[in-house]
Amino acid sequence: MAQEPDSVLRAVTHDGSFRVIAAQTTETIRGALKSQTASPETSRIFADMLTGAVLVRESMAPDLRVQAVLQGDDKRSRIVADSHPDGMTRGLVQLATNVKELKVGAEGILQVHRTMHNGALHQGVVAVPEGGDVSGAFMRYMQESEQVVTMISVGCHMVGTEVVAAGGYVVQLLPEVERAKLAVMAERLEDFRDILPLLQRGAASPRELLFETLYGMPYEQVAERTVHFGCNCSEMRLMASLASLPKHQITELASSKDMLEIGCDFCGREYRFSPEQLRGLVDTN
Ligand SMILES: [Zn+2]
């Protein structure tokens, strides 16, 4: 089935009341899931985390990096979503030993980090609402940590282990919004609180989402951006993280006769380091 490439569209109503950002993330999630081991249910949460990170970045800081971490009830298992300004997005499923699925309920925590323009890190931490709803957690984050009132819905339609369609949207109230218009929008959004039925019907492209959420309100589509799965790992980056290990550990690794093989957890790419390269690290450390 031919599908349009993943993208993010944004629109602002002519009266300055609302801003909507809608994203399709199907291919991005398929790509990111390939190098992860996750049950269908954990895959669905993973998908929602990635789409949520994309939407937070696009609404708060399109040209900065956003990382979102969902910690499960067991406090040891987590999902990491990492979305970059050029649209490159990746993720990680980290389950504790003997844990098969990420369970997120009353003990779940959502952490969002975003890099500020001055290089400082802005971090927000919120409890996941009852029921483990990822959309609800992101909404709470936006409200409590960013002081922005939004409606967020993310979703992923899966058949078995296949991702059929994934995406989401954010409706943001702008300062000019009038009470009457707000009431109309609130009523309207009741129908779209859950994006899943739209994804299942194949009616959740960013264009359709803008049309549906802003139905009857004149609006202007202001930008189209892309989103894709990718990873920025490199031999240099891995070397740098190896160099940060304690010296005795590096010496130990360097004393082996074999090549050290390391796979990137985000994308699965394999890297090989020779004992000579590792010895070089000990010397420069
Ligand atoms: Zn990688």
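**Figure 1. Buried residues of helix H3 and what covers them.** In H3, Val 134, Ser 135, Ala 137, Phe 138, Met 139, Tyr 141 and Met 142 are buried. The model shown here and in the following views is a predicted one. The cover over the buried residues of H3 includes helix H2 (40-60), strands E6 and E7, and strand E8 (150-159). Helix H3 spans residues 134-145 and lies across E6 (109-115) and E7, with its direction at about 125° to that of E7. Its twelve residues reach 16 Å from the first C-alpha to the last, close to the 16 Å expected at 1.5 Å a residue. After H3 comes Gln 147, with a positive phi near 55°.

**Figure 2. The open sheet of six strands.** The strand order is E7-E6-E3-E4-E5-E11, and the pairing is mixed. Strand E7 (121-127) and strand E11 (228-229) stand at the edges with a single partner strand each, so one side of each has no neighbour in the sheet. Strands of a sheet pair through backbone hydrogen bonds, in either a parallel or an antiparallel manner. Both arrangements can be followed around E5. Strand E5 (residues 88-94) runs parallel to E11 and is joined to E11 by two bridges. In these positions Met 88 stands opposite His 228, and Thr 89 stands opposite Phe 229. Strands E4 and E5, by contrast, run antiparallel and are joined by six bridges.

**Figure 3. The hairpin of E4 and E5.** Four residues lie between E4 and E5 in this hairpin, and Gly 87 in the turn has a positive phi of about 95°. Across the pair, Ile 79 stands opposite Val 93 in E5. Ile 79 is also among the residues with the most contacts inside the largest nonpolar core.

Figure 4. Helix H2 contributes the largest share of the core, nine residues. Leaving aside neighbours within four places in sequence, Leu 50 is in contact with Thr 25, Thr 28, Ile 29, Ala 32, Ala 81, Thr 89 and Gly 91.

Figure 5. The strands follow the order E8-E9-E2-E1-E10, with antiparallel pairing. The edge strands are E8 and E10 (219-226), each of which pairs on one side only. Direction ignored, neighbouring strands of this sheet are turned by 15° against each other on average. Helix H1 (residues 26-34) packs on the sheet and touches E2, E8 and E9, and its direction makes about 125° with that of E9. Within the sheet, strand E2 (residues 18-24) and strand E9 (residues 162-173) run antiparallel and are joined by seven bridges. The bridge partner of Ala 23 in E9 is Gly 168.

**Figure 6. Two residues with positive phi in loops.** Most residues other than glycine have a negative phi. Lys 75 has a positive phi of about 70° although it is not a glycine. Lys 75 is found in the loop between strand E3 (66-71) and strand E4 (78-83). Asn 98, likewise not a glycine, also has a positive phi of about 70°, and its place is in the loop between E5 and E6.

Figure 7. Gly 105 lies in the loop between E5 and E6. With 12 C-beta neighbours inside 10 Å, Gly 105 counts as exposed. Its contacts, leaving aside neighbours within four places in sequence, are Asp 73 and Gly 132. The domain assignment of the chain gives domain 1 (7-229) and domain 2 (235-284). The centres of the two domains, taken over C-alpha atoms, are separated by 36 Å. Gly 105 and Leu 253 are 148 residues apart in sequence and, C-alpha to C-alpha, 40 Å apart in space.

Note on methods:
Residues numbered from 1 in each chain as written. Predicted model: local features only at pLDDT ≥ 70, side-chain atom pairs only at ≥ 80, totals over all residues. Pairing = 2+ DSSP bridges. Contact = placed C-beta atoms within 7 Å. Axes fitted to C-alpha atoms, helices over the stretch in contact; angles between N-to-C directions. Expected span 1.5 Å × (residues − 1). Buried ≥ 20, exposed ≤ 12 C-beta atoms within 10 Å, placed from the backbone. Domains from an automatic or database assignment. Core = buried A, V, L, I, M, F, W, Y, C linked by C-beta atoms within 7 Å.
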